[in-house]
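Please look over the chain below.

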Amino acid sequence: MAVVLILQTFLLTLGASAEEIIGGHEVKPHSRPYMAFITSVNDDGRSYRCGGFLVKDNFVLTAAHCMRSSMRVTLGAHDISFPEGTQQIIPVAKAFPHPDYNFKDDSSDIMLLKLERRAKRTEAVRTLRLPRSNVHVKPGDVCHVAGWGMLAPKGKLPDTLQEVELTVQKDQECESRFRRRYNKATAICVGDPKIKRASFLGDSGGPLVCKNRAAGIVSLVCTDGSAPGTFTRVSSFLSWIKITIKHS
């Protein structure tokens, strides 16, 4: 079994190597207006990147393992190599990782980011709907995930937003691969192991979109970039999301 790797925020050192989503393609610019590009600085001064998505004008949903200091969100981005006129860059006022998040096994890997100011809705900046509490994805459902992460274990970081189509798998696929790191009550197993398509390093926190709703959040993959991967099941945390937003 390939070594399991937490999809951590990806280190952005000068000269670092990485590529985009595995087996995907560049999306039409600004066709995924909910996408958030999250940059942050660790206590040691190193920079990291993650994905996320806008759920309210002043809240972004992402993965809890993306937690760092000095976090900043860029909305309305496609090409992150220059300041596009559509971009809105907003610092994070406060981060709310789920209280049950466990960094050892990445259970409850979900976090809300409250922005310092509300985003202005435009054609390039829109919210993504959350899933209905009584509707769940099932094996065979075809979804997609976007991000500015890697295409292969070696390469360079992409400038433009990439997307890949992935199929939901039976829980057994991830239970055998991730063992105790997979909890079917709070996670979704996604990606056909027979097809070379997957999210990878740098895609952490991005949404798994199924039927135009955020069904999952990128969380765990394997170091060789093979599928399936583990996504946090958003529907399992709807009450926490609503309460946190309401009282923050």
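## Salt bridges

A salt bridge here is a side-chain nitrogen of Lys or Arg within 4 Å of a carboxyl oxygen of Asp or Glu. By that cut-off, Arg126 and Glu123 form a salt bridge, because their closest N and O atoms are 3.1 Å apart. Arg126 is partly exposed, with 34% relative accessibility. Glu123 is exposed, at a relative accessible area of 67%.

The model is predicted. It holds 7 salt bridges. Side chains of opposite charge can pair when their charged atoms come close.

Glu163 and Arg32 form another salt bridge, with 2.6 Å between the closest N and O atoms. This pair links distant parts of the chain, 131 residues apart. Glu163 sits in strand β11 (residues 162–167). Arg32 sits in the loop between β3 (25–26) and β4 (35–41). Is Glu163 buried or exposed? Glu163 is buried, with a relative accessible area of 5%. Arg32 is partly exposed, and its relative accessible area is 22%. Buried means under 20%, so Glu163 counts as buried, while Arg32 at 22% is partly exposed.

Asp57 and Arg121 also meet through their side chains in a salt bridge, at 2.6 Å from N to O. Here too the pair links distant parts of the chain, 64 residues apart. Both partners lie in loops: Asp57 between β5 (47–56) and β6 (59–62), Arg121 between β9 (111–115) and β10 (142–147). Arg121 is partly exposed, with a relative accessible area of 44%.

## The chain as a whole

The chain has 2 helices and 15 strands. It has 248 residues, of which 54% count as buried. How much of the contact set is between residues 24 or more positions apart? Among contacts with a separation of 6 or more, such residues account for 73%.

The accessible surface of the chain comes to about 11,500 Å². Carbon and sulfur atoms make up 49% of that surface.

## Helix α1

Helix α1 spans residues 171–178. Cys174, Arg177 and Phe178 are buried in this helix. Why do they lie on the same side of α1? They cover an arc of only 75° around the axis, so they share one side of α1.

Strand β13 covers residues 207–210. Pro207 and Val209 point one way from the strand. Leu208 and Cys210 point the other way. All four of these residues are buried.

β13 pairs with β10, and the two run antiparallel, joined by 2 bridges. Which residue of β13 is the bridge partner of His144? The partner is Val209. β13 also pairs with strand β14 (residues 213–222), again in the antiparallel sense, over 4 bridges. In β14, Gly216 is the bridge partner of Leu208.

β13 and β14 form a hairpin. The hairpin has 2 residues between its strands. In the turn, Lys211 has a positive phi of about 55°.

Definitions and conventions
Residues are numbered from 1 along each chain as its sequence is written. This is a predicted model: local features need pLDDT of at least 70, side-chain atom pairs count only at pLDDT 80 or more; totals for chains, interfaces and linings use all residues. Side-chain values use heavy atoms; hydrogens and water are left out. Buried means under 20% relative accessible area, exposed over 50%, partly exposed in between (1.4 Å probe, protein chains only). Contact means heavy atoms within 4.5 Å. Accessible areas come from the Shrake-Rupley method with a 1.4 Å probe; for residues, only the protein chains shown count as cover. The arc is that of the directions from the helix axis to the C-beta atoms. Two strands pair if DSSP finds at least two bridges between them.
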